[in-house]
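User: I would like to learn how to read a few features of a structure. Please take them one by one, with the general idea before the case.

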Amino acid sequence: MKLCIRYGLTAFGLLLGSAAPAAAEETLNTGNTAWMIVSTALVMMMTPAGLALFYGGMSRYKNLLNTFAMTFVAYCLASVVWVVWGYSLAFGPDKVGIIGGLSHLFLAGITVDSLSGSIPTFVFVLFQMTFACITVALALGSVVDRMKFSAWIVFTLLWVTLVYAPVAHWVWGGGWMAGMGALDFAGGNVVHINAGVAGLVLALTLGKRIGYGREAMFPSSITLTALGAALLWFGWFGFNAGSQLAADGIAGSAFLVTNTSAAMAGLSWMAAEWTMTKKPTVLGLASGAVAGLVSITPAAGFVDLRAALIIGLVAGVLGFLCVSRLKARMGYDDSLDAFGVHGMCGMWGALATGLFANPAVNKLGSGLFFGNPKQLWIQIVSIVATALFSAAGTMVCIYITQAVTGGLRVSRDEEIMGLDGSLHGERAFEIQA
């Protein structure tokens with residue numbers, strides 16, 4: 001009798017054991033899926049519309065269309081690279097914490113029934129694709145007015161493959177930074193530090209624009225820039241709140257702190273500029289909002305409202321000082337301040353995550369002020385590693401691009417004439433007397 005009971009219990013245990021994996025299988029959540037489709041569309045709009053307008057308005061009138069073209073082509077190129085091999089490198093099965101391999105070339109092995117968490121894998125692929133697109137396009141801000149269009153095309157293909165995909169894998173694809181415990185909710189390291197450092201390396205390699213520091217270089221349209229900033233702000237809700245990959249409370253909190261940080265940074269940049277130059281400019285207000293969006297990005301799913309106010313306050317002042325003081329003192333020509341805003345404010349945001357991550361918001365993160373000083377050190381290591389890898393990887397991409405295209409920079413005559421006419425044969429505006 002005891003033997004029968006023992007066998008019966010064993011069989012029952014085996015039955016439960018075999019059923020357990022089925023119970024743990026991922027299931028589709030239509031609410032989460034709908035939210036992620038919307039978030040993907042919001043982030044998509046940020047590159048060919050929001051960033052193109054933001055950067056285009058800040059560029060000189062004779063280079064406005066070239067800035068649009070380089071932003072637009074970056075989106076197109078990164079989109080294709082991502083679905084052919086980029087996604088596989090970033091999110092394929094981990095290879096010693098460094099890269100994802102090539103098992104998902106052309107999205108092999110992914111079907112309409114494949115799930116990533118509670119959403120279709122195809123939706124996850126597209127959401128992550130929009131991040132790759134905007135990251136490489138952000139680096140463009142450092143080199144407008146002087147980079148060859150052909151060189152930009154080659155550089156974009158190389159950089160998304162050799163620089164963006166590995167860093168994305170380190171942080172989000174199960175790589176070594178994730179294993180270390182680095183917190184990057186929506187792209188402080190992967191997007192902003194990565195792009196900002198790449199932009200700085202490009203700017204230093206290309207050299208200064210003709211006349212830089214000796215003649216005024218007026219933006220073509222502050223109106224376009226302000227509109228672009230507003231579209232970026234709007235799209236950033238998908239960028240940050242969408243990074244939760246679910247329609248839940250953390251996504252709602254990320255939405256709240258994103259708006260708060262942007263608003264606070266816009267005000268603090270305006271206050272700093274007003275104090276130091278006696279004029280509150282629309283360009284400064286728009287740039288401040290973007291600085292606040294950049295800084296809250298890595299922290300969005302980990303911090304509370306009070307932290308968002310502090311992060312935004314510091315971001316606005318930091319961004320203004322980097323643009324108005326640091327760049328002049330260091331002597332580099334970062335045309336549209338990709339490093340000053342995205343690189344530096346991205347670093348501040350990553351550090352702030354290590355300070356303010358609140359387990360009451362998200363149990364996955366606790367910062368220094370919540371009893372975990374180790375997190376701040378982890379964040380510092382992740383920042384330094386990202387910056388060093390981005391700088392080295394960008395140089396590799398530059399050397400290859402130079403070999404393929406015969407150089408990065410347009411000729412002197414083309415630069416003086418303007419890239420809209422010399423490279424594209426077009427003008428942004430047709431104004432008749």
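User: Let us begin with helix α12. How many residues does helix α12 have, and what length does it reach?

Analyst: Helices (H or I, at least four residues) and strands (E, at least two) are DSSP runs, numbered from the N terminus. The expected span of a helix is 1.5 Å times one less than its number of residues. Helix α12, residues 338-356, has 19 residues and reaches 25 Å from first to last C-alpha, close to the expected 27 Å. This is a predicted model, in which local features need pLDDT of at least 70 and side-chain atom pairs count only at pLDDT 80 or more, while totals for chains, interfaces and linings use all residues. Residues are numbered from 1 along each chain as its sequence is written, and side-chain values use heavy atoms, with hydrogens and water left out.

User: Is α12 mostly covered or mostly open?

Analyst: Buried means under 20% relative accessible area, exposed over 50%, and partly exposed in between (1.4 Å probe, protein chains only). In α12, 17 of the 19 residues are buried, and the helix is mostly covered.

User: How is an aromatic pair described?

Analyst: The distance of the centres and the angle of the planes describe a pair of aromatic rings. Rings of Phe, Tyr and Trp (its six-membered ring) pair if their centres lie within 6.5 Å; planes under 30 degrees apart count as stacked, over 60 as edge-to-face and the rest as tilted. The count here comes to 19 aromatic pairs. One of them, phenylalanine 131 with phenylalanine 239, is stacked, at 4.3 Å centre to centre and 25° between the planes. Phenylalanine 131 lies in helix α4 (residues 121-139) and phenylalanine 239 in helix α8 (residues 222-241), so the pair ties together parts 108 residues apart in sequence. Both phenylalanine 131 and phenylalanine 239 are buried.

User: Why is the pair of phenylalanine 185 and phenylalanine 302 edge-to-face?

Analyst: The ring centres of phenylalanine 185 and phenylalanine 302 are 5.6 Å apart and the planes stand at 85°, so this pair is edge-to-face. Phenylalanine 185 is in the loop between α6 (176-180) and α7 (188-206), and phenylalanine 302 is in the loop between α10 (282-296) and α11 (305-330), 117 residues apart. Phenylalanine 185 and phenylalanine 302 are buried.

User: Which residues does threonine 297 touch, leaving aside its neighbours within four places in sequence?

Analyst: Contact means heavy atoms within 4.5 Å. Threonine 297 lies in the loop between α10 and α11 and is buried, with a relative accessible area of 0%. Its contacts beyond those neighbours include Phe185, Trp236 and Phe239.
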